[in-house]
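Subject: A structure for you to look at

Hello,

I am passing a structure on to you, together with some notes on what turned up in it. Please open it first and keep it beside you as you read.

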Amino acid sequence: MADKAHAEKLRGRDFLNMIVVKGRVVGIWKRTLERDKVVVDAEPLTTFSKTEKEAITKSVKRYGKFLDLPAEW
């Protein structure tokens, strides 16, 4: 699922906060709920491509809709 170089960073992590592209873990994320929005902090394990950044942006917006809050990253 992830490159061996990132195994230590992922050890003990919950699968729910991993960014997966084409079956590979390429980053991790956490959220911060603020009074009027949710902020998603994405930590890449690799450099995100333009297409990956666009996909993450769409996912973050969908997550915000789920929480009924504006979302940003």
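By class, how many nonpolar, polar and charged residues does the lining of the largest pocket have? The lining has 11 nonpolar residues, 1 polar and 1 charged. Here Ala, Val, Leu, Ile, Met, Phe, Trp, Tyr, Cys and Pro count as nonpolar, Asp, Glu, Lys and Arg as charged, and the others, Gly among them, as polar.

Before going further, two notes on the source. This is a predicted model, in which local features need pLDDT of at least 70 and side-chain atom pairs count only at pLDDT 80 or more, while totals for chains, interfaces and linings use all residues. Residues are numbered from 1 along each chain as its sequence is written, and side-chain values use heavy atoms, with hydrogens and water left out.

Back to the pocket. Its volume is about 270 Å³, and 13 residues line it, with Ile-19, Trp-29, Ile-56, Ser-59 and Val-60 nearest the centre. Strand E1 (18-21), strand E3 (38-44) and helix H2 (50-67) each give two or more residues to this lining, and H2 gives the most, with 6 residues. A pocket is an open set of points on a 1 Å grid over the protein atoms alone, where a 1.4 Å probe fits, with protein on both sides within 12 Å along at least five of seven lines; lining residues have an atom within 4 Å of a point. Points are joined across faces, edges and corners, and the volume is the space filled by probe spheres set on them. Helices (H or I, at least four residues) and strands (E, at least two) are DSSP runs numbered from the N terminus.

Next, the strands, which pair if DSSP finds at least two bridges between them. E1 and strand E2 (residues 24-33) run antiparallel, joined by 4 bridges, and Val-20 has Val-25 as its bridge partner in E2. The two form a hairpin with 2 residues between them, where Lys-22 in the turn has a positive phi of about 50 degrees. E2 in turn is joined to E3 by 7 bridges, again antiparallel, through a hairpin of 4 residues. Thr-32 is partnered by Val-39 in E3, and Val-39 has Glu-72 as its bridge partner in E4. E3 and strand E4 (residues 71-72) run parallel, with 2 bridges.

The largest nonpolar core has 7 residues: Ile-19, Val-26, Val-40, Ala-42, Phe-48, Ile-56 and Val-60. Such a core is a set of buried Ala, Val, Leu, Ile, Met, Phe, Trp, Tyr and Cys residues joined through side-chain atoms within 4.5 Å. E3 and H2 each supply at least two of its residues. Val-60 is in contact (heavy atoms within 4.5 Å) with Val-40, Ala-71, Glu-72 and Trp-73, leaving aside neighbours within four places in sequence.

Lastly, is Asn-17 buried or exposed? Asn-17 counts as buried because its relative accessible area is 16%, where buried means under 20%, exposed over 50% and partly exposed in between (1.4 Å probe, protein chains only).

Best wishes
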